[in-house]
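Please consult the sequence and the structure below before reading the briefing. The points are grouped by topic.

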Amino acid sequence: MNIILLIVIPLLVAFLSILVKKYQMMLLIFVALFNVIILFFLKQGMIFVGGYEDELTHNLLGITLFLDVYAVIALWVINGLILVIALLNIKSYQTYGTILLLAMAGLNGLVLANDLFNLFVFIEISGIAAYLITTSNKKPVSTFKYLLYGSIGSSLFLFGIVILYAMFGTLNIVIMIREIEALNDYRQLILPFLMMFIGLGVEAKLLPFNHWVKGVLGTSNSLSGPMIASVYMAATTFVFGRLITNLFQFEGSLLLVVTILLTVGILVGDLMAFSSTKVREILLFSSIAQSSIIVLLFVNGLVIWAVYLIIANALSKTVMFLVINHSVQKTNDDEVESLKGLFSHNLLVGTTFTIATLSLMGLPLFIGFIIKLNYLTMFAQQNQFIVMIVILLASLIEGIYLVRLLIKLWYPGDQKVEVKYHLAFKVVCVVIALSLLVFGTYSNPLNKLDHNIDEISEVVIHG
Amino acid sequence: MKKFFGLIVAFAFGLMIILALRNMSGFPAYGDVNLAERISGSYFQSAIAELVGSANIVTSVVLGFRAFDTLGEVTVLFVSSLGVALILDFKHKKRMELAFKPNFMLKTASYILVSIILVVSFYMILHGHLSPGGGFPGGAMIASSVLLLYLADDQFRSKIQGFKILESAAGSLIVVIGLVGLVIGTAYFENFLNTGVIGNLLSAGIIPIIYVLIGLKVGSEIASVIDQFLTEEEKS
Amino acid sequence: MIQYAAIFLFALGFYGLFVNKNIIKLIVSLNVMEIGLFLFIISIGFVSDGIAPIVSSVDDLGLIYVDPIPQALVLTAIVIGVGTTALGLALSKNIFDTYHTLELDELEAIQ
């Protein structure tokens, strides 16, 4: 089983599915299931697309793809969540099956890529698929702004890649890591790294390039909300993590600028969530703050905890966005005040939503607490006290607004709110909430992945 | 006021890039490149050039060594045309009413021009591995001939179903050819046909075949986008 | 010289994106920025006294050629830019049919 099948089979089925429009969603679910199953049987390592390798000098002549434990975790999260979202939306969004297949192919390629220009092409594929998913909101102005910001970000990313090619003569990530370490002079590389950081930062919702998030996620529905807020964010932050820990070198003034940008992003995100009265806006501003925390963890080298935070975030945000978007669709109203008492008749869904929220806040008994405890300890060990204080302050603000949201949603007000959730919905929410609970109390399996994640540096050292 | 501020920001941005590039000692000056230091140096060695077998080295990069990027590019165009069809979707369509009405001489002369354009585009697609050109410009020229037909005749609407079938079939065939390379040989997109002598028309293995498929796909996609733009809702 | 011109075009497109409020003008500025970027990419591959990388026969492999990789990158990037522009124009047509205006400040006031 070759790893390229993860990308090629969704592409092939997508090309064929425009002829059989009625069965798009069926094909999507079938392919997503196939992808999740063959993830068990894949061998890890590097493959050469086209088989072009120079025998004499071991030069990598063509494009390569690389699979290691980090990529396997990312692929699990992405394919699994797409399967779940597709299963829940099988009746309501019939015409979006082909687009979701292409998004799956693009996101898989994003995580597996080992060649910088190939990464750019897959960023574009998944970006255009994301713009099309957001057209389901029926707000063309927000989609247009997302398209504009995304294209500017990709152009800056391409600029950075080309400068790196001119300096080192190769586009392969593994060879470029070796050459950058041989050069050992980060001052010359500030411009390309900064450009690539800004380019990816637009998609990963970092400040100040996240003007598009309010329009797109503020009017989302049960397809585009979970897709953009959890699946795309998980994939983009996984790629960001791989580039930051291996390729970029953050030292000196560049590190200072980036750290300031990220900490300001965390505070602003949480403050704006605090001051908002619409449910979807609260969730999206907290997403912005969380993604800034994740990138900050990667910049400081805490790879394991960043990965756990990505997974925990993706799972909790899926549940929260699904529940909220479904209820907003049924009641046609976005304000927190009009959704009061939502859970008083829906006990099961309410409990799972509460579990996801409490895990996001980082209370004990849930996985969010273990993650937060560990990374704050590591920050203290690195003497990064300012960052610690900022994160603690942000968690305090976050705790306040999330608890306020929960109280409003549980206790009924004057009007009665009646929303029904169908069975598949409840099953999904229960499964995700249980996993958040279980891993919160028994976190041993996650510790085993600790020493397996850094395999790409082994390849770099040993060739 | 905003314009002045914008001018300052853009000027500062350009100046910052130029100064940063001048100060980087690793960034080579214009024209001062030694190809042996880059990967492209090995593309010109005879043993490696014959792995792909095409006389146009840019084609051997685009469809040989970096064929996966070309597959991604074809997918981007596919997603865009799918998106245009999704956004501009109406129930009953008819040709858009324009203020300009073409006359008889324009209609007749356009048919002659369309045949010339089609011949040149097919020549360009077939000789992609011997001279500059290939599937992408050839496909764009096919689409431009369709645009000429649309502009010269205000009642013309091509059959959309035919384009969709052509686009889907061409795309799937490209992916399937790559899969055949995986099954027969060792890697995806491996060049499994005989590569022949560099410089002949029938050389370079699977490359001319893939270029023909890409040309047809790009042509039909852009033609369907043109059709989507030039139609509007039928107000009955 | 050409690299300065390419960066000037890139900055010009950036200025256009910063200042304009009309949707069509924003799409045009994005295209100008991308053209500057493509010129810059091609200029990286230039080798002095090099000829176009087309081999006439097998004996010619010893001459000096220009770098073919940036040309292949630009081929792909141009097509991606065309795809994005087509999508942007379709969205603008949809916006005009729905709201009958193409200025971003008027559109934000409506919503």
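The model is predicted.

**Chain A**

- The secondary structure of chain A consists of 19 helices and two strands.
- About 16,200 Å² of chain A is accessible surface, and carbon and sulfur atoms account for 65% of that surface.
- When contacts in chain A between residues at least 6 apart in sequence are considered, 81% of them join residues at least 24 apart.

**Interface of chain A and chain B: extent**

- The size of an interface is often expressed as the accessible area lost when the parts come together.
- Chain A contributes 53 residues to the contact, and chain B contributes 52 residues.

- One salt bridge is found across the interface of chain A and chain B.
- This salt bridge joins the side chains of A:Asp115 and B:Arg66, with an N to O distance of 2.8 Å.
- Six residue pairs, both members at pLDDT 80 or more, are in polar contact across the interface of chain A and chain B.
- Several elements of chain A each supply at least two residues to the side that touches chain B, including strand 1 (45-49), strand 2 (63-67), helix 4 (97-112), helix 5 (116-134) and helix 6 (140-168).
- Helix 5 of chain A provides the largest share of that side, with nine residues.
- The side of chain A that touches chain B comprises 38 nonpolar, eleven polar and four charged residues.

**Residues with positive phi**

- Most residues other than glycine have a negative phi.
- A:Lys138 is not a glycine, yet its phi is positive, at about 60°.
- A:Lys138 lies in the loop between helix 5 and helix 6 of chain A.
- The relative accessible area of A:Lys138 is 62%, so this residue is exposed.
- C:Asp49 likewise is not a glycine and has a positive phi, of about 65°.
- The loop between helix 2 (23-44) and helix 3 (68-99) of chain C holds C:Asp49.
- C:Asp49 counts as exposed because its relative accessibility is 70%.

Notes: Residues are numbered from 1 along each chain as its sequence is written. Chains are lettered from A and ligands numbered from 1 in the order in which they are written. Side-chain values use heavy atoms; hydrogens and water are left out. Contact means heavy atoms within 4.5 Å. A salt bridge is a side-chain nitrogen of Lys or Arg within 4 Å of a carboxyl oxygen of Asp or Glu. A polar contact is a pair of N or O atoms within 3.5 Å; within protein, one must be able to donate a hydrogen and the other to accept it, and residues adjacent in sequence count only if both atoms are side-chain atoms. Helices (H or I, at least four residues) and strands (E, at least two) are DSSP runs, numbered from the N terminus. Ala, Val, Leu, Ile, Met, Phe, Trp, Tyr, Cys and Pro count as nonpolar, Asp, Glu, Lys and Arg as charged, and the others, Gly among them, as polar. Accessible areas come from the Shrake-Rupley method with a 1.4 Å probe; for residues, only the protein chains shown count as cover. Buried means under 20% relative accessible area, exposed over 50%, partly exposed in between (1.4 Å probe, protein chains only).
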